[in-house]
2 protein chains.
Amino acid sequence: MSSLHPGDALHRLLHAYKRAMREAYRAEQIALPISHVRALKGICHGRGTTVQAIAERMHRDKSQITRVVKELRAAGLVQSQTDPHDGRARLLTPTPEGRALMQRVTVVERRAGERMMHGLSPQAVAQFLALTEAMAANLDRPEIAP
Amino acid sequence: MSSLHPGDALHRLLHAYKRAMREAYRAEQIALPISHVRALKGICHGRGTTVQAIAERMHRDKSQITRVVKELRAAGLVQSQTDPHDGRARLLTPTPEGRALMQRVTVVERRAGERMMHGLSPQAVAQFLALTEAMAANLDRPEIAP
DNA sequence: ATTAATGGTTGATACTGTCAACTTTCTTTC
DNA sequence: GAAAGAAAGTTGACAGTATCAACCATTAAT
């Protein structure tokens, strides 16, 4: 039963992970879709982030981020103000509510992470992360012209 | 820049993988969405598979499989016939076209896989697969009551 | 000053996943 | 054997996610 191609294995894992996350959020009354949580996380990370920055950081389309941010603002979790140095950019910052929610999310995620890593050695986990990174980088690299 | 949680790393990798796949398919004139390809793969694997079996194997909702299969049939890649032993079940088999396409898909996937694994030792890859499997199993396992 | 590039937004559309209801066909139980 | 229940498949409705192209407003480049 281990005849899984890397792609299948990946699908399976991410699918299971997302499902676990969704359930955990629901159990904790966190009523946000996963992508919203991830965006919020990005906004909480650095001060004065922009839509563009988040889109790049998570390798996502900026239009998608725009929409997610719009909903985060509507939910009172994020606020935006025009960058004084650049009239086009909007600087995003979490509201206190946003930070508080982020706090809870962090706890939930840590728990889920621990559950996922259950029975695995720290080295194994570290290697997994390293491999994941390396593979993603391989794929993102523009294809070598044949 | 390596402050990625496992969840983020996973998202990034699967996203990159899907993108690479989609591009590869397009380059090879394979005009099927990824989920369709995966379902077709499942159908080509064992003889006389059913919607149910595929849904279970790939941990997906049977309604989704039903729809995918419907389109695969419409595309002439799969055919179905009623199971002589069970009037409810429909046995799915690939058409010659389906098999031929699968052949090409396999090549494309292998290439993509190699690109993804570029620079990684076979042991590392094997370990990655093992870890992926273990983690998915951890998550699928019903949560241990705390 | 004109052109080009950038940050953000919107619209359109496709793909993916989830849930619930329903039909048809077994299977179980009496 | 008939009624109740379970299983296989289908359909509808919907939420979430991703992609692409077009579009303002503002800034940078020439």
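Let me start with B:Thr95, which, leaving aside residues up to four places away in sequence, touches B:Gly76, B:Leu77, B:Val78 and B:Gln79. Please keep in mind throughout that this is a predicted model. B:Thr95 sits in the loop between β2 (86-94) and α5 (96-116) of chain B, and it counts as buried because its relative accessibility is 8%, where the cut-off for buried is under 20%. Its side chain has a polar atom 2.7 Å from the backbone oxygen of B:Gly76, and that side chain also makes a polar contact, at 3.1 Å, with the side chain of B:Glu97.

Let me turn now to the nonpolar core. The largest one holds 81 residues, and the members that touch the most others within it are A:Leu72 and B:Leu72. The largest share of this core, 9 residues, is contributed by α1(B). If we take A:Leu72 and again set aside residues up to four places away in sequence, its contacts are A:Leu32, A:His36, A:Ala39, A:Leu40, A:Ile43, A:Leu77 and A:Val78.

Among the lining residues are A:His5, A:Asp8 and A:His11 from chain A, and B:Tyr17, B:Arg38 and B:Glu109 from chain B.

Notes. Residues numbered from 1 in each chain as written. Chains lettered and ligands numbered in written order. Predicted model: local features only at pLDDT ≥ 70, side-chain atom pairs only at ≥ 80, totals over all residues. Heavy atoms only, no water. 1 Å grid on protein atoms, 1.4 Å probe; cavity = no way out; pocket = protein on both sides within 12 Å on 5 of 7 lines; lining within 4 Å. Core = buried A, V, L, I, M, F, W, Y, C linked by side-chain atoms within 4.5 Å. Buried < 20%, exposed > 50% of the residue type's maximum accessible area, 1.4 Å probe, protein only. Helix = DSSP H or I, 4+ residues; strand = E, 2+ residues; numbered from the N terminus. Contact = heavy atoms within 4.5 Å. Polar contact = N/O pair within 3.5 Å; in protein donor to acceptor, adjacent residues only side chain to side chain.
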